[in-house]
Amino acid sequence: MRPPPHILVVNGIKVRRPVFVLAAPHSGADLLGRALKRSPGFHLTMGRAAVSHVVHAFARRPSIARRGLGAVRVLRDALAESWQILPGTCGECPAVCREAGGVTGTGPCATAGTVTRFGDASPDLLYSAQVLLQAFPDARFVQVIRDGRDVAADMMADPAALSWFKPVRVSGETEFPNPFLGVKSAEHIDRWKAMPTPGKCALRWRGAVRLAAELHQELPREQLLTLRYEELVASPAETLEALSRFLETRVSKAALYGRSVPKVGVWRTRLRPDDAALVEKVARQELARLGYR
């Protein structure tokens, strides 16, 4: 059951139809975040500490996210803090957020008088989707899906992503099933610990796209748009036009990419044959369902 409507006011602006970008790691959430952050009227944040702490707590212990209004208030308050437009606030943002907004100092990256929409594209926001929907019943969600083999290749080159696979991250308080790790039950945790890194990356991607599929079944079409990373790279103008129609606001193609245009199919040169075979074995069902042959 959804909680009673709550009107959130940030910087004197009512938060209406906020936009949340959801994706598995290295699936393009940062690209869309960049495009939205530089679009007229948007104030979008990416990876602010207040939000990341809550999101990862919900991801690692799903029962916390099911604590009704308590979880809703915690996440809503974290976002309200993140969306504050004050001198120096951008100094608290991670580099990816500052670069996306073109900020060279401490900001702010937006002017309160021009903001009409708020949003967030923090990593792993997908695991808080249900709480976000309760906190903001009129929210708009944008999912980005990418080939799990490319995701695994990029994750293996990212120390921050790999840090979640350290044994110390799994404790007696770890809950199952755990989509964040891609592990169904405690009985499988020893196999998970022994699995090579490419397999763990594949499990993480598999758990994320399964959550995305569930969300696709639950949300009405006017609240959820699913985009393909590969289409975003091959046909950015058409993809962002679809996004603009969905959000009923203009999203500029010019702001989509940073210093380099992302590539598709990088796993073919960056994954060793044995590693690629393991990723395909672990994620075979989801790769096939999503058309990644």
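Asp 124 counts as buried, at 7% relative accessibility, where buried denotes under 20% relative accessible area, exposed over 50% and partly exposed in between (1.4 Å probe, protein chains only). The residue is found in the loop between strand 5 (117-120) and helix 6 (129-135); helices (H or I, at least four residues) and strands (E, at least two) are DSSP runs, numbered from the N terminus. Although Asp 124 is not a glycine, its phi is positive, at about 70 degrees. The model is predicted, and local features need pLDDT of at least 70, side-chain atom pairs count only at pLDDT 80 or more, and totals for chains, interfaces and linings use all residues. Residues are numbered from 1 along each chain as its sequence is written, and side-chain values use heavy atoms, with hydrogens and water left out.

A positive phi is also found at Asn 11, a residue other than glycine, with a value near 55 degrees. Asn 11 is placed in the loop between strand 1 (9-10) and strand 2 (13-14), and it counts as partly exposed at 23% relative accessibility. Another backbone feature is the cis peptide bond that joins Phe 176 and Pro 177, with omega about -5 degrees. Pro 177 is located in the loop between helix 8 (159-162) and helix 9. Helix 9 (residues 189-194) contains Asp 190, which counts as exposed at 55% relative accessibility. Asp 190 and Leu 243 are separated by 53 residues in sequence and by 42 Å in space, C-alpha to C-alpha.

Helix 1 (residues 29-37) is largely enclosed by the rest of the structure, because 8 of its 9 residues are buried. The buried residues of this helix are Ala 29, Leu 31, Leu 32, Gly 33, Arg 34, Ala 35, Leu 36 and Lys 37. Arg 48, in the loop between strand 4 (42-45) and helix 2, is likewise buried, with a relative accessible area of 7%. Residues up to four places away in sequence not being counted, Arg 48 touches Ser 82, Thr 89, Glu 92, Cys 93, Pro 94 and Ser 122, contact being defined as heavy atoms within 4.5 Å.

Two packed helices are described by the angle between their axes and the distance between the axes. Axes are lines fitted to C-alpha atoms, for helices over the stretch in contact, and angles run from 0 to 180 degrees between N-to-C directions. For helix 2 (residues 49-60) and helix 4 (residues 68-82), the axes come within 8 Å and cross at roughly 155 degrees. Helix 2 is therefore roughly antiparallel to helix 4; angles under 35 degrees count as roughly parallel, over 145 as roughly antiparallel, 65 to 115 as roughly perpendicular and the rest as oblique. On the helix 2 side, Ala 50, Val 51, Val 54 and Phe 58 meet Ala 71, Val 74, Leu 75, Ala 78, Leu 79, Glu 81 and Ser 82 of helix 4. By class, the residues of this contact comprise 9 nonpolar, 1 polar and 1 charged, with Ala, Val, Leu, Ile, Met, Phe, Trp, Tyr, Cys and Pro counted as nonpolar, Asp, Glu, Lys and Arg as charged, and the others, Gly among them, as polar.

The axes of helix 7 (residues 148-156) and helix 14 come within 10 Å and cross at roughly 125 degrees, and the two helices are therefore oblique to each other. Gly 148, Arg 149, Ala 152 and Met 156 of helix 7 make the contact with Asp 275, Val 279 and Glu 280 of helix 14. This contact has 3 nonpolar, 1 polar and 3 charged residues. Asp 275 lies in helix 14 (residues 273-282) and is buried, with a relative accessible area of 10%. Asp 275 and Arg 149 are 126 residues apart in sequence and 9.5 Å apart in space, C-alpha to C-alpha. Neighbours within four places in sequence aside, Asp 275 is in contact with Met 156 and Pro 198.

The largest nonpolar core has 69 residues, and those with the most contacts inside it are Phe 20, Trp 83, Phe 136 and Phe 141; such a core is a set of buried Ala, Val, Leu, Ile, Met, Phe, Trp, Tyr and Cys residues joined through side-chain atoms within 4.5 Å. Helix 10 (residues 197-218) gives the most to this core, with 8 residues. Phe 136, its neighbours within four places in sequence left aside, is in contact with Leu 8, Val 15, Pro 18, Phe 20, Arg 76, Leu 79 and Trp 83. A second, separate core of 29 residues includes Ala 23, Met 46, Leu 225 and Val 251.
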